[in-house]
Amino acid sequence: MKCNNRRRDRPTPDNAAYLSKNPKRTSFLDFSAWNSFSSVSFLTSQATSCSFAEDTNVTERILDSTHRAIFLICCALSAGQASAVDDSNVLNVYNWSDYIGEDTIRNFEKETGIKVNYDTFDTNEALHAKLRAGHTGYDIVVPSVQWAKRQIDGHLLFKLDKSKITTYSNVDRWLMGELAVAGGDPGNDYLMPWLWGFVTVGMNVDKVNAALAPLPMPEDTWDLLFKPEYSSRLKACGISVLNSGERVFEAALHYLGLERNSTKRADHDAAAALLAKLRPNVRIISSSGYMNELADGSLCVALGYSGDFSVASARAKAAHNAQKILAVIPRSGAALSFDSMAIPADAQHVENAYKWMSYIYRPEVQAGIVNKVLYPGPVRAADKMLSAEVRSTPGLFLTPDEMARLEPPRAVPDETLRMRTRLFTAFKSGQ
Ligand code: N2P
């Protein structure tokens with residue numbers, strides 16, 4: 001039996017106002033999905049859910065008085081809590097895995113008394129599907145900006161009252177400009193920055209050199225993935241690619257000299273043909289596992305995110321295991337990736353989300369995040385608070401020449417996204 005009162009609670013005044021203006025979105029009062037105990041009608045008026053799903057057969061035969069008593073106590077307690085708990089003391093956050101400081105959450109909780117429920121994902125596709133399904137229960141989400149654009153267009157995000165972000169002026173103007181364009185948020189009304197980086201090829205240098213010999217390292221590191229003469233040699237020591245049709249197809253299109261945000265079927269067919277040659281040499285399709293596997297030497301090359309490679313390198317150094325992890329910006333360039341913070345349109349703890357945002361842009365809080373995850377952040381005043389070792393991380397402070405080789409993200413239409421998803425499914429299954 002499950003009782004759950006965590007995510008279905010009273011709307012804040014902001015949310016109530018939002019719902020009244022957006023009748024198409026279902027409010028928390030829509031109980032249609034809560035069918036588990038419709039026969040216990042008096043309980044359905046409570047903002048809580050209990051389920052006997054696992055017990056169906058048992059309940060049919062032996063809904064004895066003890067069992068029934070437990071059920072009623074559980075639901076009564078839960079319902080009691082729903083009305084007694086102060087909702088304002090909760091914040092439900094959904095962020096990428098390995099993307100926050102060591103003490104970020106703990107310090108926020110200590111300082112504000114707000115309890116943070118923190119869940120993680122590792123692809124935009126997963127977050128987007130949740131937002132589209134609605135009722136995520138989350139108050140803060142972290143979509144990459146080109147996905148956030150779709151979410152703004154689909155009325156899935158809450159329009160921010162910037163005056164409630166007390167540290168707004170600490171935020172890098174350049175980054176806000178990038179969010180405005182790539183996120184389709186010209187007034188910076190919906191998106192605030194989280195961290196940013198780029199999508200590239202990372203490698204365990206010594207292992208790659210050994211596997212390629214007598215071939216030298218190619219000048220353009222994309223060749224490691226897309227030239228079969230390299231990828232076939234790297235197969236045995238392990239190649240991994242992101243579990244994202246968007247990222248994998250963007251990389252292949254770029255390698256072919258085509259637009260990363262191409263919408264053309266013919267371009268995608270060409271990319272799919274290139275990827276089909278890579279597929280037999282790929283061991284792992286994952287958006288998070290590659291960090292540890294590169295660090296412990298069980299993987300040679302990965303298509304992944306810049307900061308994750310920096311973390312892999314730091315982990316290898318900390319383990320003194322002699323694995324050298326490197327991720328450069330390939331000679332022919334790579335794609336920038338900006339992640340934003342946003343509040344889902346049906347969030348129930350909007351005031352707490354503002355408190356979180358205000359806290360996140362404090363320089364010392366930023367330094368705690370960047371010191372741990374090794375991605376560039378949005379608060380320049382935090383730079384001098386980073387440790388000397390972190391400051392020297394490749395990819396953290398990019399030179400103008402490096403920036404010139406990075407292309408900003410652009411959203412593709414849903415139809416193109418669906419085409420990529422279909423082709424990527426075929427790639428994964430090796431068809
Ligand atoms: C964190 C990966 C997040 C970067 N581990 C991708 N947006």
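## Strand pairing around β6

Two strands count as paired when DSSP finds at least two bridges between them. The model described here is predicted. In it, β6 and strand β10 (residues 325–327) pair in the antiparallel sense, over 3 bridges. Gly 202 has Ala 327 as its bridge partner in β10.

Two further partners of β6 can be named. Strand β11 (residues 334–341) pairs with β6 in the antiparallel sense, over 6 bridges. Thr 200 stands opposite Gly 304 in β9.

Helix α15 covers residues 350–360. Of its 11 residues, 8 are buried, so this helix too is largely enclosed by the rest of the structure. The buried positions are Val 350, Asn 352, Ala 353, Tyr 354, Lys 355, Trp 356, Met 357 and Ile 360. Each of these has 20 or more other C-beta atoms within 10 Å of its own.

## The parallel sheet

A separate description covers β3, β4 and β5. These 3 strands form an open sheet in the order β4-β3-β5, with parallel pairing. Its edge strands are β4 (115–121) and β5 (140–141), each pairing on one side only.

Strand β3 takes in residues 90–96. It runs parallel to β5, and 2 bridges join the two strands. Val 93 stands opposite Ile 140 of β5.

## The ligand shell

Which residues surround the ligand? The shell consists of Trp 96, Ser 97, Asp 98, Tyr 99, Ser 144, Tyr 305, Asp 308, Ser 337 and Asp 339. By class, the shell holds 3 nonpolar, 3 polar and 3 charged residues.

Several shell residues lie within the strands described above. Trp 96 surrounds the ligand along with the others, and β3 spans residues 90–96.

## Confidence

The protein averages a pLDDT of 84. At least 70 is reached by 80% of the residues.

Where does pLDDT stay under 50? This holds over residues 1–86. For that stretch the model has 85 contacts beyond four places in sequence.

Definitions and conventions:
Residues numbered from 1 in each chain as written. Predicted model: local features only at pLDDT ≥ 70, side-chain atom pairs only at ≥ 80, totals over all residues. pLDDT = per-residue confidence, 0-100. Contact = placed C-beta atoms within 7 Å. Near = placed C-beta within 6 Å. Nonpolar A, V, L, I, M, F, W, Y, C, P; charged D, E, K, R; others polar. Buried ≥ 20, exposed ≤ 12 C-beta atoms within 10 Å, placed from the backbone. Helix = DSSP H or I, 4+ residues; strand = E, 2+ residues; numbered from the N terminus.
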